[in-house]
Amino acid sequence: MNAYEIIAPPTGALPARARVETTAGVLSLDGLWRFAWSPTAETGRDPGDPGERWDEIPVPGHWQLYGYGSPAYTNVRYPFPIDPPHVPEANPTGEYRRIVRRPEDWDGGRVLLRFDGVDSWFEVWVNGVSAGRASGSRLTVEFEVTELLTGGDDVLAVRVHQWSFGSYVEDQDQWWMSGIFRSVALLHRPEGCVDDVRVVAGYDHTTGAGTLTVEASSASPVRWKGPDLSTIEPWSAESPRLYRVEVSTDAETVSLDVGFRTVRVDGDRLTLNGAPLVFRGVNRHDFDPQTGRAVSRERMERDVALMKQHHINAVRTSHYPPDPYFLRLCDRHGLYVIDECDIETHGFALAGWRGNPSDDPAWAEVYLDRMRRMVERDKNAPSVVMWSLGNEAGWGRNLAANARWTAERDPTRPLHYEQDAECESVGVYSRMYPSYDELAAIGRHEEPELADPERDRCRRALPMIMCEYGHAMGNGPGGLADYEAVIDAYPRLAGGFVWEWIDHGLGDEGLYGGDFGETVHDGSFVIDGLVLPDRTPSPGLAELAAVITPVRLGLDGVDLVVENRWSFTTTEKVVFAWTAETDDMVVDEGVLDVPVIGPLSSQRVALPAIEGSTLTVTATLDGSVLSCVQRVVPPAPPVLGTLRPARPQRLGPFPIASLTLDSWRAPIENDRFPGRGNTVSLEKRWRDAGLDQLIERTVEQREDGTWWRRRCRYAPPGLDSGFEVEYRWATDGEALRFEVDIDRLGEWRIPLPRLGVALALRTPAPGSVWFEWLGLGPGESYPDSRSAVRFGRHGMTVQDAQTPYVVPQENGNRAGVTRLILSNPEGDLRIDGDHPFEAAVRPWSTAQLERARHAADLTEGDLLWLHLAAGVTGLGSASCGPPVRPSAEYRAAQARLAFTITG
Ligand code: IPT
């Protein structure tokens with residue numbers, strides 16, 4: 001039997017304890033290590049061999065990202081047969097070596113070797129003598145090496161196997177990547193040091209007093225220092241006030257940043273310090289495009305800064321405890337955390353959950369060890385407001401036992417686990433990707449009944465969260481504002497966590513499943529974040545920020561309605577300003593006198609009486625916009641003289657290369673899936689209707705007194721449904737007039753991706769053409785994703801108007817456009833619409849966009865594609881969640897576009 005196939009918690013490891021800052025010695029062992037890779041577990045290497053001539057590899061890191069083996073992506077499926085605890089014979093193995101020396105000033109005491117993350121199973125030796133073995137990839141483990149170190153140069157050897165019994169409980173939806181991917185350190189534990197410390201810092205919102213319990217274990221007498229409890233400011237994500245607590249013995253002082261807060265499940269409400277705790281959260285995996293799950297401090301800092309900028313107040317550490325530094329950032333900057341245990345056995349679902357480790361007593365110790373190591377490491381973090389038993393691991397006795405142990409060890413935090421469907425063990429009812437109706441039903445306590453009436457009664461009485469919703473795969477998610485409206489309507493709903501924060505695209509190319517030649521993979525399902533791999537915010541993140549804003553503005557008749565959605569903060573520091581614009585020129589502006597609004601209340605304020613102008617009101621905090629509301633008065637279309645027929649060959653400086661009906665889009669990821677409650681995807685319905693292969697036939701071409709007219713029919717092969725389109729052109733000698741009438745022919749039961757025209761315009765360097773428009777912007781917008789944009793004059797190059805999604809797909813639509821201007825070095829083209837229209841400009845065609853697999857496949861030619869539409873269909877969240885809602889589908893049977901063109 002191979003040791004890595006024996007189901008067992010770590011051997012030789014010390015009991016888990018809290019992460020603290022210490023005055024005792026810590027020697028980082030991060031840096032270059034010697035490394036030898038073998039495709040099988042039998043490496044033929046001696047643990048006593050210092051590997052002086054071997055390759056070098058950075059620690060922390062994954063060997064697959066340094067040329068040994070390759071990453072592989074699967075979502076649910078195990079990439080190996082379900083045959084626990086066995087793993088394939090081809091079990092890639094890394095041999096790590098480095099020389100360590102016990103620092104001379106580490107007098108007496110013990111020396112520990114700490115690993116914060118090794119994927120997936122490893123054994124450690126010092127000078128050829130084994131110090132222990134462990135698994136639990138995202139969990140800290142410490143070994144005692146006191147007796148093994150000589151004080152001189154000692155050979156530290158770590159053998160890491162890619163696959164182990166532990167892989168069966170680490171089936172998270174992410175890349176399979178191996179090695180020592182978090183920090184390693186040597187720790188001095190002086191005689192009489194502080195072995196462990198536990199701090200419970202509560203806040204009594206009725207008296208304003210802090211409560212503090214400090215428990216420390218040590219062989220020596222312990223003393224501690226902390227804040228004056230009668231003058232406590234509580235901790236919250238809105239105001240993350242921390243206090244220093246120091247615990248000392250004569251040998252060591254450890255210090256912690258403590259935050260005073262009390263989390264409660266109070267009937268069907270989740271509360272923090274007595275006020276509603278509503279998660280406006282995201283799921284975050286550890287991820288970096290260059291280094292995988294080895295994430296630098298700078299990256300983590302950037303993540304937290306971006307989250308805070310976008311009003312995110314919570315993180316679920318999907319689906320394992322994060323690097324410990326991430327929690328420190330959450331404590332410091334204010335993010336509520338659901339800390340999740342490193343347990344997922346999702347692949348067993350494909351085998352009907354037969355043999356699921358979660359319910360197999362042989363795995364009990366392994367499960368408990370994992371939970372314990374998470375809770376003990378992170379127990380003092382004020383940001384952690386809930387423990388999660390894991391993700392997608394079915395249900396069973398081992399999870400129930402983990403819940404019991406945790407509830408006893410830490411009664412101050414509610415438990416979370418979505419697959420405890422009957423809420424036997426958890427403090428909150430949790431769901432993934434519910435439809436809007438299901439969510440609203442839960443809000444009203446009207447969810448479907450459980451078979452057991454007692455269980456049903458208990459669950460129905462609990463607060464509810466969405467541990468995942470708003471699947472951010474590709475262009476989307478659409479429909480976030482609708483979720484927010486449901487959350488707002490029912491106090492039982494304590495918010496949710498968008499899936500997910502980062503696209504896991506690897507390398508500069510943004511590689512995804514299949515790109516490494518994997519035979520079993522799940523393609524681009526790993527590219528489903530709100531930020532691109534390099535942390536460029538996607539339009540979905542801007543949308544989320546606008547939807548979850550803490551200060552929401554609305555218009556009601558002549559009044560402004562200001563909602564303060566903070567639980568603890570007043571609007572004292574928020575500036576409310578207005579501007580009036582006519583034809584995109586500011587004609588008046590001012591600051592509104594809004595009384596200070598307390599937490600969770602709203603206020604109605606009279607607006608200045610402005611007529612005939614677009615009114616914009618913004619709420620700003622420290623210079624950044626929290627929210628914006630507008631009453632838009634579009635500019636009057638230009639007035640034309642008498643028209644006569646025209647047959648244009650060019651528009652302004654751009655020769656026309658083609659003009660055609662446009663009713664297709666390069667499918668977005670959400671188009672490829674049916675979505676909850678549906679059986680057929682939009683893409684399938686669109687392709688079945690032949691929208692992607694319409695054939696043009698000119699029915700008639702003629703001139704009358706005013707127009708040059710061309711009537712065309714567009715229909716797909718084999719079908720008699722399609723479109724009839726009339727294009728009309730005229731001029732008054734100065735400007736061109738362009739009108740299009742579109743009628744659907746035949747039987748249609750489907751929404752359309754879009755309905756309008758596409759013009760290919762010839763120009764050198766189409767990406768550098770300047771694109772300016774009056775309409776919604778500056779970001780892209782779709783019918784179910786338009787909270788982040790505002791009406792106004794916006795400008796950027798055509799290239800910058802593209803969203804470089806890792807997987808190329810429809811993007812860049814601008815809605816509510818009334819005027820657009822395209823300029824190349826030879827001049828300008830200006831298009832004014834009689835009515836607001838949808839516009840997209842691209843340096844490539846829809847067909848190119850559809851064919852491309854990676855952003856780098858898209859290269860510009862000498863055509864600028866201008867898409868002008870009467871309407872488009874929204875985005876939805878069908879890749880995992882509800883499809884586009886009917887209100888965001890474009891279903892018109894007839895459309896008219898009318899433009900005045902100058903240039
Ligand atoms: C859900 C998983 O929890 C998450 O890890 C991710 O895979 C997500 O789906 C899809 O991207 S589970 C699914 C059955 C809803």
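## Strand 1 and helix 2

In this predicted model, Glu21 and Arg328 form a salt bridge in which the closest N and O atoms are 3.7 Å apart. Glu21 belongs to strand 1 and Arg328 to helix 2 (residues 324–333), so this pair ties together parts of the structure that are 307 residues apart in sequence.

## The Arg19–Asp116 bridge

A salt bridge also joins the side chains of Arg19 and Asp116, at 2.6 Å from N to O. Arg19 is located in the segment before strand 1 (21–22), whereas Asp116 is in the loop between strand 7 (110–115) and strand 8 (118–119); the pair therefore ties together parts that are 97 residues apart in sequence.

The accessibility of each partner can be stated separately. Arg19 counts as partly exposed, at 24% relative accessibility. Asp116, with a relative accessible area of 5%, is buried, because it falls under the 20% limit for that class.

## A network of salt bridges

The structure holds 81 salt bridges. One of them links Arg728 with Glu726, and here the closest N and O atoms are 2.6 Å apart. Arg728 counts as buried at 5% relative accessibility, and Glu726 counts as buried at 13%.

This pair is part of a wider arrangement. Through salt bridges that share partners, Glu726 and Arg728 are joined into one network with Asp704, Arg709, Arg737, Glu739, Asp741, Asp834 and Arg896.

## Packing of helices 3 and 4

Helix 3 (residues 364–378) packs against helix 4 (residues 397–409) at an angle of about 35°, and the two axes are 9 Å apart. The crossing of helix 3 past helix 4 is right-handed.

On the helix 3 side, the contact is made by Ala364, Tyr367, Leu368, Met371, Arg372, Val375 and Glu376. These residues meet Asn398, Leu399, Asn402, Trp405, Thr406 and Arg409 of helix 4. By class, the contact between helix 3 and helix 4 comprises seven nonpolar, three polar and three charged residues.

Methods
Residues numbered from 1 in each chain as written. Predicted model: local features only at pLDDT ≥ 70, side-chain atom pairs only at ≥ 80, totals over all residues. Heavy atoms only, no water. Axes fitted to C-alpha atoms, helices over the stretch in contact; angles between N-to-C directions. Helix = DSSP H or I, 4+ residues; strand = E, 2+ residues; numbered from the N terminus. Left-handed = near helix turned anticlockwise from the far one by under 90°. Contact = heavy atoms within 4.5 Å. Nonpolar A, V, L, I, M, F, W, Y, C, P; charged D, E, K, R; others polar. Salt bridge = Lys/Arg side-chain N within 4 Å of Asp/Glu carboxyl O. Buried < 20%, exposed > 50% of the residue type's maximum accessible area, 1.4 Å probe, protein only.
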